[in-house]
Amino acid sequence: MLTPLTYELPRFKFDACRVFTNKPACGPKRGHGTPQPRFGQEVQLDKIAEKLKLDPADLRLNMVTKANTLTASWLKIGSNGLAECIRQVVAGSGWKQKHGKLPQGRGVGIACSSYMTGAGVSIYWNKMPHTGVQLSLDRSGQVTVFCGATEVGQGSDDVLAAVVAETLGISTKEVRCVTGDTGITPIDLGSYSSRVTLMMGNAALQAAGRARDMLVTAAAEQLEVAPADIVLSRGRVFAAGDASKTMSFAEAVVYAETKYGTLGTVGSYTPPKPPGKFKAAGVGPSPAYSYSACVVEVEVDEHTGWINVPKIWVAHDIGRALNPTLARGQVIGGIYMGLGEALMEEQVFRRLPPKLSNALVHKIPSLLEYKSITSLEMPEVEVFLVEDPDPNCPFGAKEVGQGPLLPVMPAVANAVFDAVGVRIDEVPITPEKILRALHLKREGKSPRVGPERFPEVPYVEPTFVIPPGEGGDGTESKPPQRKAAKAAERAAS
Amino acid sequence: MMRLPWFKHASPTSVAEAARILAGEGPRGMLIAGGTDLLPNMKRRQQTPATLISLSRVEGLKHIANGSGLRLGAGLTLTEVVESKAVREQYRGLWQAAAQVASPHLRNMGTLGGNLCLDTRCNYYNQNEDWREAIGYCMKKEGKTCWVATASKRCLAVSSTDSAPALIALGAKVRLVSAAGERELALPELYNNDGMDYLTRKPDEILTEVMLPKAEGWRSTYWKLRRRGSFDFPLLGVAVAARAAPDGCIEELRLVLGAVSSQPFLAGKASDFLVGKKLSDEVIAEAGALAASRAKPMDNTDLDVYWRKEVVPSFVGYALREIRGDDMRAMRMRIARQEL
């Protein structure tokens, strides 16, 4: 459902079904349902560009969605740095000198993507906030922030401390984070949908803002200036324009505690209501969307199909990087995982011999034989952080946890085409598939390896919604052709 | 959770003592050196010895000695082999093979002797006990059928040692010591083409030493196919050692394939074909085809089995071109993802 976020689409149709299989139960992984349609979309665009003899980067750049618009599917786009992302990876990778121009066996591919910064609709069906933050300030100047958000290595504690510290004009080392313990902290719904920076951050911003108001009021009284003139910065509370009127942050806390009693504030966050009001409108809405563009360079050996990825360039529209080091780490982590999906990660099933049961079983039920890339396969990654602050986000910061993975797989597939002129329309893109496609090419057949057909699916009758650009109001309506058919039916009877 | 079964542990300090304990334990005893393969296997119950006889404290298994060639103690870790200047400079093929066994951590523990005696591997065998029980086990352990090829009379598990092909190409011999005495064996004779009975080592024998002939005039190389540049077992190993006349004419050559059979083996026809010839592109291509005809990969390890067979000539080509003196560093980087 995130498909229409990247390129202008006047209309959009989406069919989906759930399939019951006897395979191992599935669960969410980075990108959660987005990599699959995005792979198809970005490879298809590459094929369109090839057919129309257009540069695949230009093709994309010329049809990127705009900021502050609604998609045909009624998703509200806020800030949008996709065009800048494309420009940066094109410039950084030397795309114009490389695409279609590298020697046989080497190629570059481009792909883009977008991802939600938190699900606009809660996974728990209630109207309560998605996250809560409590702040307590003690008279020593120590600030403690409580939140249910869980630090799983992604750096959420750092974001929490940074938002509070920035608002109160202190250093993050003055902020103690108490997180993850559901017995102590207010709720946070969890680390999914790339939601923590935005939701926890906004709640922290609210809690810290309320604390700041109390500190400002108390300090203004003490310093005999207007509250609007009070500045909190670098652990000091002072009057703008009069350096003599100043006190330390801890002193301001003491005055505020004297005035208000024990200091504690709360903040919470609930995303804005999605603009769509039809049945499927709850899938995909988000307060903000991140954008990514990626260029992958590959080397393919035409005798063996062996594939090598020497370098990847990725630009990610993060809104604002609260901690650029951690943000880059997340981007590179996403690239690593995406490259693993692109090149080798796979659940392989094989049929047991008829003598046994003819059942499909997992070929490799262990992590020893489940191949994910190692540091030796990891190419150099050049990261460009595109910062276009989004008003819905704390200090403008959008997600970075999942988005950068998404363009990697199609960019690899497109690069393989640029290198040796074959299409691998599925992942993983293995040497064996590339060699098979190269054989097909030499035989003059369609040089493509991938699914031969899509299964017949008895889709349900789609919900029909008039797009915003055609005067819709976001609710379901009867499709014109169905109305016409009904009228014809009535006429016939 | 997979835990080790109970076992007794003996740590003798001499080969004679180890051999005596091993003889006393009979089939219930097993030797352990680095344990990098044996211990995971024990957790999955492929091997359940009552007694482990550790070789780690046995003296005299870690020497690197010059003689008529080079003698390497079987207890040297693969890292120690890789760090040996003599190996790196004179026996390049062995150095390249040892450097590509598993990962740095495993090379720090795993030994040369252990890699030579490495248990054969198979998708149907290297699984946990529950998985194997669910398919009624396999011929190699507790079952009757070889699930790789149900009509097969013998086990088709794959020889997965990297050092053996390299050492066979180099003309190595090994020393086996038992309580009853000792013998020397040309390395190819250590192996049987049988996934179960893959070693000719008798149960009471200890592999103590590898003996390499003089390397003067010889060049050697080893190329390994695996999905990733670290960690993975070989899907194909190509080892070549050759002695050429000053004009480039091959006087002696051994081309050995690993991981495409239950034993590493000399590709005799391809080797003989190359003797008396210069390594032109055409000659290399023909040798590649001859060697490939001997490779019999089975669908019991990683990557597509037909593809693995198809790329044998390419890998033989890489090895022979390196022997010829071509600069193969870029290709090496792409295949091995490290300098070798």
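Of the 340 residues that make up chain B, 51% are buried, meaning that 20 or more other C-beta atoms, placed from the backbone, lie within 10 Å of a residue's own. Keep in mind that this is a predicted model: local features need pLDDT of at least 70, side-chain atom pairs count only at pLDDT 80 or more, and totals for chains, interfaces and linings use all residues. Residues are numbered from 1 along each chain as its sequence is written, while chains are lettered from A in the order in which they are written.

Staying with chain B, you'll find 14 helices and twelve strands (DSSP runs numbered from the N terminus: H or I of at least four residues for helices, E of at least two for strands). Its radius of gyration, taken over C-alpha atoms, is 20 Å, close to the 20 Å from the globule rule for 340 residues, so chain B is as compact as a globular protein of that length. That rule is 2.2 Å times the number of residues to the power 0.38.

Now zoom in on helix α5 of chain B, residues 92–99: eight of its eight residues are buried, so the helix is largely enclosed by the rest of the structure. Among them are R92(B), W95(B) and Q96(B). The cover over α5(B) includes α3, α4, α9, β9 and β10 of chain B.

Over to the largest nonpolar core, with 237 residues (buried Ala, Val, Leu, Ile, Met, Phe, Trp, Tyr and Cys joined through C-beta atoms within 7 Å). Helix α6 of chain A, residues 196–223, gives the most to this core, 17 residues. V164(A) is one of the residues with the most contacts inside the core. Beyond its neighbours within four places in sequence, V164(A) is in contact (C-beta atoms within 7 Å) with residues including L135(A), V175(A) and A204(A).

How values were computed: Buried ≥ 20, exposed ≤ 12 C-beta atoms within 10 Å, placed from the backbone. Contact = placed C-beta atoms within 7 Å.
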